[in-house]
Amino acid sequence: MTPLASRSRPGSPPDGALLPDPLPPLTSALPRQPWPGPAGPRLWLVATAAHQETVTRYAPLVLDPAELARAEEFRRPGDRATYMCAHVGLRRLLGAHLGIAPRAVLVARAPCPCCGEPHGRPVLPDGRLHFSLSHCEGLSLIAVAATPVGVDIEPVPAPETVMEAADVLHPAESAELTALAPDPGAAAFARVWTRKEAYLKGIGVGLGADPSAEYVGSGPAPSAPAGWLLADVTVPAGHRAAVALRW
């Protein structure tokens, strides 16, 4: 199987990372989307600043009651706006693939691989289309694929955060970061962390699993666990992102 990074679309950056498409704002019609094939996931980047004004007006017409209630739980306005932009964007994309209105999209939870309870990764009821969503303040990343997929986007953390969190990585990953002494590289940590979380979201367990159990690497090229493909995703400066795809 060809690595994900070598199957990026034309115009992708020379480092082999995948390049997401910007999601058009609500004022632009989203055409019917082609069904994803084996070439890999389709990735979309949602910039909160570009969507916030229209999403604030239209969210009650697009999101379901549970999503609207969840949005109200965010104390910071920026976090609330990013959540709404991410979930409106996801519904628009899924609706464009399915040929239905965004409001009509039904999302359920798959059984957790660890305990069997219904709190695994989000899924569509018929399971024909797979997707993943990740957001941090100001940015969201969405993937749509033909097989289970996971994405993660994170800001590059402060050096003190790296020092506190590095011990939860795989021992080989921790050793790689230690080799960057005197200070572990914050960008390198964000790179390994987004790869790891994308994979854990793809298998449906998220951070409920032990992050140190699987090695994904902190170097320029990711190391995917068996049965999965991993690639970094190009996102705005100060952030790192990754996608994991089951094959």
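This section describes the overall dimensions of the predicted model, the packing of its helices and the surroundings of selected residues.

The secondary structure of the protein consists of 6 helices and 9 strands. The C-alpha trace spans about 50 × 40 × 40 Å along the principal axes of the protein. Of the 247 residues, 47% are buried. Among contacts with a separation of 6 or more, 62% are between residues 24 or more positions apart.

Two helix pairs that share helix α3 were examined. Helix α2 covers residues 65–72 and helix α3 covers residues 77–98. The axes of α2 and α3 come within 9 Å and cross at roughly 160 degrees. Because angles over 145 degrees count as roughly antiparallel, α2 is roughly antiparallel to α3. The crossing of the two helices, α2 and α3, is right-handed. On the α2 side, the contact is made by Glu-67, Arg-70, Ala-71 and Glu-72. On the α3 side, Arg-80, Tyr-83, Met-84, His-87 and Arg-91 take part. By class, the residues of this contact between α2 and α3 comprise 3 nonpolar, 1 polar and 5 charged.

The second pair is formed by α1 and α3, whose axes come within 8 Å and cross at roughly 70 degrees. Since angles of 65 to 115 degrees count as roughly perpendicular, α1 is roughly perpendicular to α3. From α1, the residues Thr-48, His-51, Gln-52, Val-55, Thr-56, Ala-59 and Val-62 meet α3. Their counterparts in α3 are Ala-81, Thr-82, Met-84, Cys-85, Val-88, Arg-91 and Arg-92. The contact of α1 with α3 divides into 7 nonpolar, 5 polar and 2 charged residues. Met-84 and Arg-91 of α3 are listed in the contact with α1 and also in the contact with α2.

Individual positions in the helices were then considered. Thr-54 lies in helix α1, which covers residues 48–62. The relative accessibility of Thr-54 is 10%, so this residue counts as buried. When residues up to four places away in sequence are not counted, Thr-54 touches Leu-26 and Thr-27. Gly-95 belongs to helix α3. With a relative accessibility of 3%, Gly-95 counts as buried. The C-alpha atoms of Gly-95 and Val-156 are 32 Å apart in space, for a sequence separation of 61 residues.

Phe-131 is placed in strand β5, residues 130–136. Its relative accessible area is 4%, and Phe-131 is therefore buried. Leaving aside neighbours within four places in sequence, the contacts of Phe-131 include Leu-90 and Leu-94. Further contacts of Phe-131 are with Val-107, Pro-122, Val-123, Leu-124, Ala-143, Val-144 and Val-149. Phe-131 and Leu-43 are separated by 88 residues in sequence, and the C-alpha to C-alpha distance between them is 9.7 Å.

Leu-230 is located in strand β8, which covers residues 228–233. At 8% relative accessibility, Leu-230 counts as buried. Between Leu-230 and Pro-157 the separation is 73 residues in sequence and 21 Å in space, C-alpha to C-alpha.

Definitions and conventions
Residues are numbered from 1 along each chain as its sequence is written. This is a predicted model: local features need pLDDT of at least 70, side-chain atom pairs count only at pLDDT 80 or more; totals for chains, interfaces and linings use all residues. Side-chain values use heavy atoms; hydrogens and water are left out. Axes are lines fitted to C-alpha atoms, for helices over the stretch in contact, and angles run from 0 to 180 degrees between N-to-C directions. Helices (H or I, at least four residues) and strands (E, at least two) are DSSP runs, numbered from the N terminus. Angles under 35 degrees count as roughly parallel, over 145 as roughly antiparallel, 65 to 115 as roughly perpendicular and the rest as oblique. A crossing is left-handed if the near helix is turned anticlockwise from the far one by less than a right angle, and right-handed if clockwise. Contact means heavy atoms within 4.5 Å. Ala, Val, Leu, Ile, Met, Phe, Trp, Tyr, Cys and Pro count as nonpolar, Asp, Glu, Lys and Arg as charged, and the others, Gly among them, as polar. Buried means under 20% relative accessible area, exposed over 50%, partly exposed in between (1.4 Å probe, protein chains only).
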